[in-house]
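Subject: A structure for you to look through

Hi,

Here is the structure I promised to pass on. Please open it next to this email and follow along as you read.

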Amino acid sequence: MISLSDSQKIGMGLTGFGVFFLFFGMILFFDKALLAIGNILFVVGLAFVIGLERTFRFFFQKHKMKATSFFLGGVFVVLIGWPIVGVVLEFYGFFLLFRGFFPVVVGFIRRIPVLGYLLNLPFISGYVDKMSESNNMV
């Protein structure tokens, strides 16, 4: 069992609510308010989970500046009122920022009974393997 500090527990809750609001905002035809709340909660929750200094170091590394600019630019575009364009920018930035974590996530999902079976199907397995290959470490 992993022990979490109180601020990390709060951060997990904020991040979870952020993901929920982002998902709910997309289901409701890209509702600007829900997407904005989800973005703010997600970023603040991430800062609570890993700490403010580590968050800044993660986002503002020299080799991640393109990804950070797309992600935070997408958050800004959503906040000013263009939700579809902002979400597209955010997804691209999110993919660039966290692509080093994808092989770990795919390996974890493959150990889950039903999801692992689905990822090991012949026509899905090749695509997932290709997507999870990453030479860039986080």
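Let me begin with how the helices are named: helices (H or I, at least four residues) and strands (E, at least two) are DSSP runs, numbered from the N terminus. With that in hand, you can find phenylalanine 29 in the loop between α1 and α2.

Two notes before we go on. This is a predicted model, where local features need pLDDT of at least 70 and side-chain atom pairs count only at pLDDT 80 or more, while totals for chains, interfaces and linings use all residues. Residues are numbered from 1 along each chain as its sequence is written, and side-chain values use heavy atoms, with hydrogens and water left out.

**The loop between α1 and α2**

Phenylalanine 29 has a phi near 55°, a positive value in a residue other than glycine. Phenylalanine 30 lies in the loop between α1 and α2, and phi is near 55° there, again a positive value in a residue other than glycine. Are these side chains buried or exposed? Here buried means under 20% relative accessible area, exposed over 50%, and partly exposed in between (1.4 Å probe, protein chains only). Phenylalanine 29 counts as exposed because its relative accessibility is 76%, while phenylalanine 30, at 27%, counts as partly exposed.

Leucine 28 is found in this loop, between α1 (6-27) and α2 (32-50), and is partly exposed at 41%. Leu28 also belongs to a nonpolar surface patch with Phe17, Phe20, Phe23, Phe24 and Ile27, which together have about 600 Å² of accessible area. Patches are made of residues with over 30% relative accessible area and no salt bridge; like charges are joined within 9 Å, and nonpolar side chains (Val, Leu, Ile, Met, Phe, Trp, Tyr) within 5 Å. The areas come from the Shrake-Rupley method with a 1.4 Å probe, and for residues only the protein chains shown count as cover.

**Inside the model**

Which residues make up the largest nonpolar core? There are ten: Phe42, Leu46, Phe58, Phe59, Ala67, Phe71, Val75, Leu96, Leu97 and Phe98. A second, separate core has five residues, including Leu22, Ala36, Val78 and Val87. A nonpolar core is a set of buried Ala, Val, Leu, Ile, Met, Phe, Trp, Tyr and Cys residues joined through side-chain atoms within 4.5 Å.

**Salt bridges**

A salt bridge is a side-chain nitrogen of Lys or Arg within 4 Å of a carboxyl oxygen of Asp or Glu. How many does a search of the whole structure find? The search finds two.

- Arginine 57 and glutamate 53 meet at 3.8 Å, N to O. They are separated by about one helical turn because they sit four residues apart in helix α3. Glutamate 53 counts as exposed, at 57% relative accessibility.
- Arginine 110 pairs with aspartate 129, with the closest N and O atoms 2.8 Å apart. This pair links distant parts of the chain, from helix α6 (residues 102-110) to helix α8 (residues 122-132), 19 residues apart. Arginine 110 is partly exposed at 27%, and aspartate 129 is partly exposed at 29%.

**One more pair**

Glycine 51 is in the loop between α2 and α3. The C-alpha atoms of glycine 51 and serine 7 are separated by 8.8 Å, though these residues are 44 apart along the chain.

Enjoy exploring!
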